[in-house]
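Reader: Let us go through this model by question and answer. Please keep each answer brief and end on what was asked.

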Amino acid sequence: ELSGRLLDPAGNGGTRGMIIAFPQPLRLPRGTEPGLRPAPNLFFYCSFALDCLLMSKTCAIIPAAGRGVRMGNAKPKQFLELSGRPILLHTLETFSRVDFLSGILLVVPKDFCSEAESLVSRYCADNLLRLCYLSKEELQERCSLHEDELCAPGAAPAGSWDGSRKFVTLTLGGTERQDSVFNALQALPGDCQWVLIHDGVRPFVSSILIENTWKAARKTGAAIAALPATDTVKRVRDARVGETLPRDEIWLVQTPQVFRKDILLTAYLEARRQGCSGTDDAFFVERLGLPVAVVPGERSNIKVTTQEDLVWGSFLLTQVGRQSDSADKVG
Ligand code: C5P
């Protein structure tokens with residue numbers, strides 16, 4: 001009876017699974033089929049399970065509103081092509097397959113809003129994503145943005161939501177990455193409890209890394225992907241070495257980064273109040289003194305930043321292609 005009423009993990013309305021809650025530690029009488037025997041205090045454990053489900057609505061924010069100055073191109077790097085497709089689409093494609101996400105907020109630069117819109121809607125036509133047309137009023141209400149800061153192409157046709165696709169909502173970026181993320185944070189739907197942030201220009205992230213980071217965050221409230229440094233790291237000023245940092249304490253931070261929404265929002269508000277700037281999201285949470293878990297990142301999860309990264313990225317794509325070819329053959 002309970003299973004019929006449970007929400008699916010993405011909060012989209014269908015039933016996709018069930019959580020059976022047992023007392024800790026799990027002690028079942030020998031010979032009992034797991035899942036068939038009610039816990040002693042059924043009501044308590046059922047409400048705990050429901051809580052887990054209702055708390056699990058996760059939205060992704062993909063900041064893609066940078067100018068790509070270091071790339072030295074007129075077009076921002078997220079719109080440049082890798083193997084014939086814009087970098088941003090490679091990223092979106094991976095996110096379209098992440099089961100636990102209920103929606104995606106894509107943050108784009110103001111003057112590339114229509115380019116982003118046509119790119120996403122072309123891709124959405126035959127994929128798992130769907131461009132979400134919020135009315136200007138709705139977006140404005142959610143984000144407290146000015147009219148000219150909105151990127152709402154039109155009003156949502158009534159009843160256009162369908163449970164099988166993730167919605168991509170476009171919103172506008174700010175001057176710095178943290179301004180872009182802050183805009184998106186305000187535009188999140190009210191019932192979203194968890195936020196997953198991933199740079200639009202990291203197109204090679206795997207679904208496994210996304211899921212691992214999400215799972216780690218759900219234990220601590222915040223988690224990031226990072227790799228231990230393999231090079232020696234020195235602090236350098238005016239082309240002179242200042243000091244050498246202890247390498248075994250240095251980790252190179254990537255996205256995804258996942259947070260409980262209330263934690264991240266508080267962290268961002270506090271940072272803005274104090275005029276503090278940072279290049280990743282976890283930094284603001286650390287400043288509150290809250291724990292941030294680290295999960296092993298991936299070497300291939302590069303941030304496409306320079307022209308050389310495009311060459312490196314094309315090579316990585318051929319490797320991914322080869323791997324899936326050989327997996328197909330093995331299968
Ligand atoms: O500049 P950086 O390499 O830190 O950018 C990381 C991600 O943040 C990129 O996907 C970029 O498009 C995005 N970004 C943004 N708004 C900015 C600057 C960067 O959304 N103002």
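Reader: Which backbone atoms lie by the oxygen atoms of the ligand, and at what distance is that of Ala 65?

Author: The model is a predicted one. In it, a backbone N or O atom of Ala 64 lies 3.4 Å from an oxygen atom of the ligand, and for a polar backbone atom of Gly 66 the distance to a ligand oxygen is 2.9 Å. For Ala 65, the distance from a polar backbone atom to an oxygen atom of the ligand is 2.8 Å.

Reader: How much of the accessible area of the ligand does the protein cover?

Author: The ligand takes up the space of the largest pocket. On its own it has 460 Å² of accessible area.

Reader: Which of the residues around the ligand come nearest?

Author: The shell divides into four nonpolar, six polar and six charged residues. Of the 16 residues around the ligand, those that come nearest are Pro 63, Ala 65, Gly 66, Ser 180 and Lys 303.

Reader: Is helix 3 largely enclosed or open, and how many of its residues are buried?

Author: Helix 3 covers residues 87-96. Its buried residues include Ile 87, Leu 92 and Phe 95, and also His 90 and Ser 96. Helix 3 is largely enclosed by the rest of the structure, because the number of its 10 residues that are buried is nine.

Reader: Is Ile 208 buried or exposed?

Author: Ile 208 belongs to helix 7, residues 207-220. Its C-alpha is 9.3 Å from that of Val 98, 110 residues apart in sequence. The cut-off for exposed is over 50%, and Ile 208 has a relative accessibility of 59%, so it counts as exposed.

Reader: What separates the C-alpha atoms of Pro 296 and Ala 225?

Author: Pro 296 is in strand 12, residues 293-296, and is exposed at a relative accessible area of 63%. Along the chain, Pro 296 and Ala 225 are 71 residues apart.

Reader: Is the peptide bond from Thr 255 to Pro 256 cis or trans?

Author: Pro 256 is part of strand 11, residues 251-260. Omega of the bond from Thr 255 to Pro 256 is near 10°, and the bond is cis.

Reader: What is the phi of Ala 239 near?

Author: Ala 239 is in the loop between strand 9 (233-237) and strand 10 (240-245), and counts as exposed at 78% relative accessibility. Its phi is positive, in a residue other than glycine. The value is near 60°.

Notes
Residues numbered from 1 in each chain as written. Predicted model: local features only at pLDDT ≥ 70, side-chain atom pairs only at ≥ 80, totals over all residues. Heavy atoms only, no water. Near = heavy atom within 4 Å. Polar contact = N/O pair within 3.5 Å; in protein donor to acceptor, adjacent residues only side chain to side chain. Areas by Shrake-Rupley, 256 points an atom, 1.4 Å probe, with all protein chains shown as cover. 1 Å grid on protein atoms, 1.4 Å probe; cavity = no way out; pocket = protein on both sides within 12 Å on 5 of 7 lines; lining within 4 Å. Sits in = over half its atoms within 2 Å of the grid points. Nonpolar A, V, L, I, M, F, W, Y, C, P; charged D, E, K, R; others polar. Helix = DSSP H or I, 4+ residues; strand = E, 2+ residues; numbered from the N terminus. Buried < 20%, exposed > 50% of the residue type's maximum accessible area, 1.4 Å probe, protein only.
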